[in-house]
Every structure is written in C-alpha cells, then in structure tokens.
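Please look through the model shown here before reading on. The paragraphs below take up the loops, the core, the aromatic rings and a pair of helices in turn.

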Amino acid sequence: YSNEDHELNFLDIRWNNKCNLSCQYCVPSLSSAWEKQLGIRSGSARKNYQDSLLEWILEKSTSVKEIMMVGGEPMLMKQNHALIAALPTDTQISIITNLNYEIENLSCFDNLYQRDRNKVIWNVSSENTGEQFEYVRNGSNWQHFCDQMKVLTNIWPNTVCLNMVYSVFSAFDFAETLSEYRKLGVQKFNIMPVTDSDEIDIFNWPNSTQLRAAKQLELAVQQHALALGTDADLYPINGADQLIKDLQSNQNHAIISKQQFITKINWYNQWHKASTFEQLWPHVWQEAQDKL
C-alpha cells in the first residue's frame, strides 16, 4: 500500500455524531442537546486528528466521485463546508440533515446551488407535522422546518427524501403525514423502525394494535400511489412493504405494560411546555388505555 498511489473515490464522513436536537427516541451520546438537558458533561466534539484528516482528504478531493455527509448535523460542521468547496463539480453529495438551520445562510450554499441538481441529495429526518413534530424532535420549529423544506424542494425537486422513524408517534397518522409532506414538495420517503425505545416501538404493542397500524400504512401507500399517478413506481415508500408484512405476521413480541408506557410518556412530557402527549396523540393514548 502506498499513500501516494491511493485514489479516494467514495467517502462516508462523520466528524462527530452529536446532533443539535433532542429527539424523544434518541440518547445523550448522540445529542449535545440531550446532554445539556440532562446535565451531562460533554466531551469536545473536536478530535485531535480532524485537521490532519481533513488536510489528507482535501489533497485527494479531486478524485472523489461520491460523498455521504452524516452527523450529528453535517451542515453545522465547518469541515464539510471546506470539503464541498474542494469537491469536483460532478461529485455526488448526499447529506443527512434535520434542517434546523438557515439553508441559504450556509457558507456552502452557493456552491451546492451551482452544482447539477441531481448530484446533490438531501435525506431529511422527520416523521411528524405541526406540534407533534416539535414534540418528537425537541428543539425544532415546525414553521421554520417547512420554510427550509420548501427551499430544498424548489431547488432540488427530484433529490429530496424524507427519512422517517416509525413508532407509535407516527404509526396512526401516517397517511395524513405523508399528504402534508407531499404538499411541501416531497415525493420520496424511507421508513425505518425505531430502535432502543421499547415503549414507543409498535412491535412491543398487542397484535390488534399492530394490525391497526398496518392498515394505516397500507392506506398511506395507496394514497401515495394515487397522488403520484404514473410516477408512483419511481417514488415508492421504501421500507413500507416490509413493515406491513411484519405488522401483519402477528408473531409473539414482548408487550409492554400500561404502567411502563405511562411512565415513559410522563418522562417525555416534562420536556414540553406547550402540549402533552395525551393532548397531541389522544387516539394513541386511548389505545394504550384500552389495549395495554
């Protein structure tokens, strides 16, 4: 192996994994906001090797064909701005983001704007709307998020995708939620089940609840296909078919107790001054009272 002969073609870069939001299903090790809320002393997000690593990448940046920028929040990391400025104009840039910033004020915005529209891919993390969005993604503002999403879908209409965490926070409003995001110009969706949050994991609820969630997901898929018409095959809801299959399988899963759920919800509620879970998801709250 010779460093001089090494050509860098693909890059998955994560300068740190600390997000600037405190989403309900996340943990302090992945969120500086959670660390602050819980009074956990945070280590520096900056590592000693970062300057030399960035220098090494910049030296080889002219050969990069594709880069994935992940966080934390990659658009708040100065190293990524320097990288974007150095990358060839035909490099494919994929960004996973929460949009909790002003896109047009980013120092890298002009560079991104001038690139081929199909070469800049935005994977936006969200799964709710309105007050539910602000509850789940604590630290966000729904109107601000909508404004930033419109900037993305106006400039990059074909490369914006919504990455959605599937849980009881989103399972029973899914069709309506997708409809609202389509109004914002989003046509691509990825769904992934929540992990390490047992109380809000739909697969830890009774089978009857899972079947109800499956019907809502089927409705969302049908409405999405109708809304897109002949383009439906180009923009599937990735992950939906497998989730529906798993929800309908009625396998034996660990079922949480009603008290477990209530205790967790009370813990969530303490971080929100506007509305409680019971007020924002009365149908899910009632489901818990009836089925758990």
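Leaving aside its neighbours within four places in sequence, with which residues is Gly71 in contact? Before the answer, a word on the source: this is a predicted model, in which local features need pLDDT of at least 70 and side-chain atom pairs count only at pLDDT 80 or more, while totals for chains, interfaces and linings use all residues. Residues are numbered from 1 along each chain as its sequence is written, and side-chain values use heavy atoms, with hydrogens and water left out.

Beyond its neighbours within four places in sequence, Gly71 is in contact with Asn16, Asn17 and Met77, where contact means heavy atoms within 4.5 Å. Gly71 lies in the loop between E3 and H3; helices (H or I, at least four residues) and strands (E, at least two) are DSSP runs, numbered from the N terminus. With a relative accessibility of 19%, Gly71 counts as buried; the term means under 20% relative accessible area, with exposed over 50% and partly exposed in between (1.4 Å probe, protein chains only). Gly71 is joined to Gly72 by a cis peptide bond, with omega at about 0°, and Gly72 is found in the loop between E3 and H3. From Gly71 to Gln270 the C-alpha distance is 27 Å, across 199 residues of sequence.

Glu66 is found in strand E3 and is partly exposed, at 30% relative accessible area. The C-alpha atom of Glu66 is separated by 6.5 Å from that of Leu11, although the two are 55 residues apart along the chain. Apart from neighbours within four places in sequence, Glu66 is in contact with Asn9, Phe10, Leu11, Thr91 and Gln92. In helix H3 (residues 78–86), the buried residues are Gln79, Asn80, His81, Leu83 and Ile84. They pack against strands E1 (10–13), E3 (66–69) and E4 (92–97) and against helices H2 (50–59) and H4 (109–114).

Leu99, with phi of about 65°, is placed in the loop between E4 and H4 and is buried, at 1% relative accessible area. Asp196, with phi of about 60°, lies in the loop between strand E8 (188–193) and H8 and is exposed, at 77%.

Next comes the interior. A nonpolar core is a set of buried Ala, Val, Leu, Ile, Met, Phe, Trp, Tyr and Cys residues joined through side-chain atoms within 4.5 Å. The largest such core has 83 residues, of which Trp122, Met149, Tyr166 and Tyr181 touch the most other members. Helix H6 (residues 142–155) gives the most to this core, with 7 residues. The contacts of Trp122, neighbours within four places in sequence left aside, include Met75, Ile95, Tyr101, Leu112, Leu152, Trp156, Val160 and Cys161.

How many aromatic pairs are there? Rings of Phe, Tyr and Trp (its six-membered ring) pair if their centres lie within 6.5 Å; planes under 30 degrees apart count as stacked, over 60 as edge-to-face and the rest as tilted. By this rule the count is 21. In one of these pairs, the ring centres of Phe169 and Phe277 are 5.8 Å apart and the planes stand at 65°, so the pair is edge-to-face. Because Phe169 lies in the loop between strand E7 (160–166) and helix H7 (174–183) and Phe277 in helix H11 (residues 277–280), the pair ties together parts that are 108 residues apart in sequence. Both Phe169 and Phe277 are buried. They belong to one aromatic cluster, whose members include Tyr135, Trp205, Phe261 and Trp285.

Helix H8 (residues 207–228) and helix H12 (residues 282–291) pack at about 150°, with their axes 10 Å apart. Axes are lines fitted to C-alpha atoms, for helices over the stretch in contact, and angles run from 0 to 180 degrees between N-to-C directions. H8 and H12 are therefore roughly antiparallel, the word for angles over 145 degrees, with under 35 roughly parallel, 65 to 115 roughly perpendicular and the rest oblique. Ser208, Thr209 and Arg212 of H8 make the contact with His283, Glu287 and Lys291 of H12.
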